[in-house]
Structure formats: structure tokens, C-alpha cells
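Please keep the sequence and the coordinates at hand while reading.

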Amino acid sequence: MTTEELKKVSACKTTRYYKKGDIIFDEGESLHGVYCVRSGVCKLTKLSANGKDHTVKLLGKGELLGQRSVISDERTNLSAVALNDIELCFVPKDQIVTPLHENQNFSFDVLQSLAKDLRSAEDDLINMAQKTVKQRMAETLIYIQKVFGTDASGALNVILSREDYASIVGTATESAIRILSQFKKERLIATSGKHITITDLEGLKRVD
């Protein structure tokens, strides 16, 4: 964006706070702007045919929510839920759409971002089709550590329930519990309640 466009965004943006478990927006909702994560973590979910939520992606600091729906002027096809207390910056729709029409460089950057999101979604589909549940679980743990880091004790910063892990990798909760228990027995991870610590990163990468 140009300096003038950024000034306009800065003048009209607002801050919104959500508690753990709060719904930021629902699937099928019409959005009036774009959200950016300032702090905390949220998940994007899709309601499947069997009535269960499938976690599509985890989003942390600096990442955007709702941009595709706002740009395409369509209702959301995903829901966004706060995984912990989260602070979001909200930018009204017109402050995004108007520069898209008037600023070619901004439009191209947005197009590149959407293309990367599409590539990521394609990679996820390939992983679901070609990799075992164990491999997907291992990759999920590695991804969470890489993107969101660890706390002072070395545990993953993002605390998820076993149901959340099952939803992310696309399996039953019982299966997710069993796989995590196996990883623990193999000393790939250590657990304390919902807290998980990766103790053998290279071992997790070799899971088959």
C-alpha cells in the first residue's frame, strides 16, 4: 500500500479481543472486514458432512483471517475460533477493496499471497492422501514447534486438546491419543497433561 493508503487503514482499524473458545466468525457468515492476529492463536475449521469440525489451519501473530471472502465478496467457507485469549486488528472491507482497484502493486502482492494459500491447501490435500496418520501427526507437532515455538520449559507454545490434534490430522480422537502415546513410549515426545514437548525432533521426522 501507499503511505496515504496505510494512513487511512491506521485511522479506521480497531482492536478486538476474544477469549479462548470464542467464535471469531462462523462458516457462511458475510464479513465486513479483514482480521490480523496481534497476539494469540486461532484455528480455521470446516464442518464436515458427518457433523464434525475439521481443523484446516492454525494462525498466529501477523497472519490474516477473512481476506479471501472479503476480496471475492463471498460468504466464509470456514469458521474461526480462538484457541487461547487472542487480540485481533480489524480493518474495514472498503479499506482493502478500494486499494485493490487503484493500486496495481498492492493487487499483485495480494494475488501472490492468495496463490501461496492455494499451494498450501494443495499440499495439505496431497499429505492427507499420501501420508499415514502417524506421519501427519508427527508433521503437525513439528509444524507447531517451528511456527509457534516453545515455552521456557521447552513445551509447545500452542496447547491443543487431543480432539484438536485428531481434527488437524483427520482421524478419530482415540487414534490420535493412541499415536501420541506411542510417540511418548518411543521417547519422541514427553507429555504433561495437554503440554507436549518434542524430545527427538529427528526421530519425528523419520516416522513412517
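## Ser10 in helix 1

Ser10 is found in helix 1, which spans residues 3-12, in what is a predicted model. Although 85 residues separate Ser10 from Gln95 in sequence, the C-alpha atoms of Ser10 and Gln95 are 9.8 Å apart in space.

## The sheet with order 1-8-3-6

Four strands make up an open sheet in the order 1-8-3-6, and the pairing in this sheet is antiparallel. Strand 1 and strand 6 (64-65) are the edge strands, each of which pairs on one side only. Strand 8 (residues 86-92) is mostly covered, with six of its seven residues buried.

Going through the pairs in turn, strand 1 (residues 14-18) and strand 8 are paired in the antiparallel sense over five bridges, and within strand 8 it is Cys89 that stands opposite Thr15. Strand 3 (residues 33-39) also runs antiparallel to strand 8, to which six bridges join it; here Gly33 has Pro92 of strand 8 opposite it. Between strand 3 and strand 6, which run antiparallel as well, there are two bridges, and Tyr35 stands opposite Leu65 in strand 6. As a general point on such elements, side chains in a regular strand alternate between the two faces of the sheet.

Helix 3 (residues 94-102) lies across strand 3 and strand 8, and the angle at which helix 3 runs to strand 8 is about 50 degrees.

## The sheet with order 2-7-4-5

Another open sheet of four strands has the order 2-7-4-5, again with antiparallel pairing. Its edges are taken by strand 2 (23-25) and strand 5 (53-59), each of which has a single partner strand, so one side of each is left without a neighbour in the sheet. On average, and with direction ignored, neighbouring strands of this sheet are turned by 35 degrees against each other.

The pairing of strand 2 with strand 7 (residues 79-82) is antiparallel and extends over two bridges, and the bridge partner of Phe25 in strand 7 is Ala80. On this sheet, helix 6 lies across strand 4 (42-47) and strand 5, running at about 95 degrees to strand 5.

Is helix 6 mostly covered or mostly uncovered? Helix 6 is mostly covered, since "buried" means under 20% relative accessible area and seven of the eight residues of helix 6 are buried. The buried residues in helix 6 are Arg162, Asp164, Tyr165, Ala166, Ser167, Ile168 and Val169. Helix 6 is followed by Gly170, whose phi is positive, near 80 degrees.

Helix 5 (residues 133-148) packs with helix 6 (residues 162-169) at an angle of about 115 degrees, their axes being 9 Å apart. That angle makes helix 5 roughly perpendicular to helix 6, and the crossing of the two helices is right-handed. From helix 5, Val133, Arg136, Met137, Thr140, Leu141 and Ile144 meet Tyr165, Ile168 and Val169 in helix 6. Sorted by class, this contact of helix 5 with helix 6 has seven nonpolar residues, one polar residue and one charged residue.

## Helix 6 against helix 7

With helix 7 (residues 173-185), helix 6 forms a crossing of roughly 100 degrees, in which the two axes come within 8 Å. Helix 6 and helix 7 are therefore roughly perpendicular to each other. Arg162, Glu163, Tyr165 and Ala166 of helix 6 make the contact with Thr173, Ala176, Ile177 and Leu180 of helix 7. The residues of this contact divide into five nonpolar, one polar and two charged.

## The hairpin of strands 9 and 10

Strand 9 (residues 189-192) and strand 10 (residues 195-198) are paired in the antiparallel sense over four bridges, and Thr191 stands opposite Ile196 in strand 10. The two strands form a hairpin with two residues between them, and in the turn Gly193 has a positive phi of about 65 degrees.

Note on methods
Residues numbered from 1 in each chain as written. Predicted model: local features only at pLDDT ≥ 70, side-chain atom pairs only at ≥ 80, totals over all residues. Heavy atoms only, no water. Axes fitted to C-alpha atoms, helices over the stretch in contact; angles between N-to-C directions. Parallel < 35°, antiparallel > 145°, perpendicular 65-115°, else oblique. Left-handed = near helix turned anticlockwise from the far one by under 90°. Contact = heavy atoms within 4.5 Å. Nonpolar A, V, L, I, M, F, W, Y, C, P; charged D, E, K, R; others polar. Pairing = 2+ DSSP bridges. Buried < 20%, exposed > 50% of the residue type's maximum accessible area, 1.4 Å probe, protein only.
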